[in-house]
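Please keep the structure open while I talk.

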Amino acid sequence: MELKRVVITGLGTVNPLGNSVGDFWNNAVAGVSSAGPITRFDTNAIKTKVKFACEVKDFDIAEYMDRKEARKIDRFGQFAMASAMQAVQDSGLDFTKEDPYSVGVIMGFGMGGIESFEEGIDTIHDQKLQGLEIKANPFFVPKIIGSIASGLISIHYGLKGPSYATSSACASSTHALIDAINLVRLGRAKVILSGGAEAAITDSGICGFSVMRALSLRNDSPETACRPMSASRDGFVLGEGGTTLVLEEYGHAVARGARIYAEVAGWGSTADAYHITAPEPEGRGAARVMQDALKDAGMQPEDIDYINMHGTSTPLGDIAECKAIVTVFENHLDKLSLSSTKSMTGHLLGGAGALEAMTSVLAIYNDTVPPTINHADDDVDPEIDSRLDFTFNKAVKRTVNTALSNTFGFGGQNSCVIFKKFKH
C-alpha cells in the first residue's frame, strides 16, 4: 500500500531552557546553560552530594488548568499537558471540526510520576510506623502511572483515537513519535499528538542516577558541568520537562491551510543486546538504527545535514555514538553538522527524544544548528574522531534540509527519526 506523508504542524514545550517554543529556541541558539543548584528539595542527605540539575523555572500550571485539578496530576503529567496545549494552539487545529476517532495521543515516559510515588510511599510508611490505619491519596495511582499523560490529554480534548504510552528508558518519546508516524502513514489516524515528559529531579531520581556514577559531580560549576564530547566530561546533568509535536497527514494539513514546520522522512529502531546501562562499545546498534532510518527515508548518508546527537556527556556513551556516526557517515563528515543540546537542557530521560526531535525540526525550519556548549580548545578527547564537527559553543547558520535525531536508552534501546524540509 502507498504510505501517507506525515508532516509536523504544531510544537509545544516546557523545559529547562524555556516554558515555550520561542523562549527555548532563543536560549538554545544563544548557547544558554540551564543548569543550577537544585531548589525542589534538600540535597544534603544524598551520599554522592550531587546538588545541581536542569530544573524547569517559573512554571505556573495555573496558566493551563485550575489549580484544584492540577493537584490531582504529578509534575510530569503537568508538563505533558502544558506542552500539548501549546502544540494544539500552535497547530491551529479545531477539534470540534474533526472526527474524534481520527485523532490520537501517544506520549513517552521513562520514570513517570516518581515524585508522587515518593510522597505516597512516604505517607504509607509513616502510617505503618505509627500503627495507624493506612490511607493513600485517592489520586495516588492515577498520578504515578506513566500512561496517564496520554489519557489526560485525550480527555481534555475529547480525542478518541489511539491513546497510550511508550516506555523504553531515554528512547521512550522517540519511540512514541515512531508509533505516531506509523499510524498516520497507514491511514489509521489523521492527527497524533505525540512526545514525552519527565519530572525525575527528586530524591530518588538524583540519588539513583548518582550512585550509578551517571551524573556529573561538578557542584562548583553546574552551568558548565554538561560538556559532551569534551575529554573532561564526567556524566550527564538531569533535566525535566515535556514536549509535544503534532503529527498530521499531509493532505489533511494542506486542506485546512496549516503551517508546516517539516516533514517526517524516516525512522529506525534497534537494540544493542549488550548491557543494562552501558552502550555497545563500538556503537554497532547505534550505527544500525541510523542506517535503518536512512533506508526508511530513501536517503543516502550524504543527504543528512544535521544530527542532533544523544550526546549525554558520559565517558562511554559519547564515544560509542561518535564511532557509530563515523561508521555511517564516514565519507560525508566534512559537510555534516552535529550538536548535543543536552549540554544546555540537561538530560530529560524519557522526555529527551521529543525535545530533541523538536529541536531538529526547528533547525530545519530556521536553517540554524544550535551549539554544543561548555567546550574548551584544550579539552579535546583523543578517542573521538577529529573530523567530527560538533558545533562547539556557537550556533551556526546554514541550510538544513534534513536532520536526524538520535536517542539511546538503558537496556540498549536505540531509536532515531529523520525530518526534512517540507515541499509540496
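I will begin with the helix itself, then turn to a neighbouring helix, and finish with the nonpolar cores. Please bear in mind throughout that this is a predicted model.

The helix is α7, which has 14 residues and reaches 20 Å from its first C-alpha to its last, close to the 20 Å expected at 1.5 Å a residue. Because 12 of those 14 residues are buried, α7 is largely enclosed by the rest of the structure; among the buried ones are Ser 172, His 175, Ile 178 and Arg 185. After α7 comes Gly 187, whose phi is positive, near 80 degrees.

Which residues of α13 does α7 meet? Ser 173, Thr 174 and Leu 177 of α7 are in contact with Ala 352, Gly 353, Ala 354 and Ala 357 of α13, and the residues of this contact comprise four nonpolar, three polar and no charged. The axes of the two helices, residues 172-185 and residues 352-366, come within 5 Å and cross at roughly 65 degrees.

Now to the largest nonpolar core, which has 41 residues, and in which Ile 8, Leu 11, Leu 245 and Leu 247 have the most contacts. The elements giving two or more residues to this core include β1, β7, α7 and α13, and α13 gives the most, with nine residues. If you look for Leu 11, you will find that it touches, among others, Val 21, Leu 245, Met 358 and Leu 362. There is also a second, separate core of 33 residues, which includes Val 56, Ala 70, Ile 73 and Ile 153.

How values were computed. Residues are numbered from 1 along each chain as its sequence is written. This is a predicted model: local features need pLDDT of at least 70, side-chain atom pairs count only at pLDDT 80 or more; totals for chains, interfaces and linings use all residues. Side-chain values use heavy atoms; hydrogens and water are left out. Axes are lines fitted to C-alpha atoms, for helices over the stretch in contact, and angles run from 0 to 180 degrees between N-to-C directions. Helices (H or I, at least four residues) and strands (E, at least two) are DSSP runs, numbered from the N terminus. Contact means heavy atoms within 4.5 Å. Ala, Val, Leu, Ile, Met, Phe, Trp, Tyr, Cys and Pro count as nonpolar, Asp, Glu, Lys and Arg as charged, and the others, Gly among them, as polar. A nonpolar core is a set of buried Ala, Val, Leu, Ile, Met, Phe, Trp, Tyr and Cys residues joined through side-chain atoms within 4.5 Å. Buried means under 20% relative accessible area, exposed over 50%, partly exposed in between (1.4 Å probe, protein chains only). The expected span of a helix is 1.5 Å times one less than its number of residues. Lists of a residue's contacts leave out its neighbours within four places in sequence.
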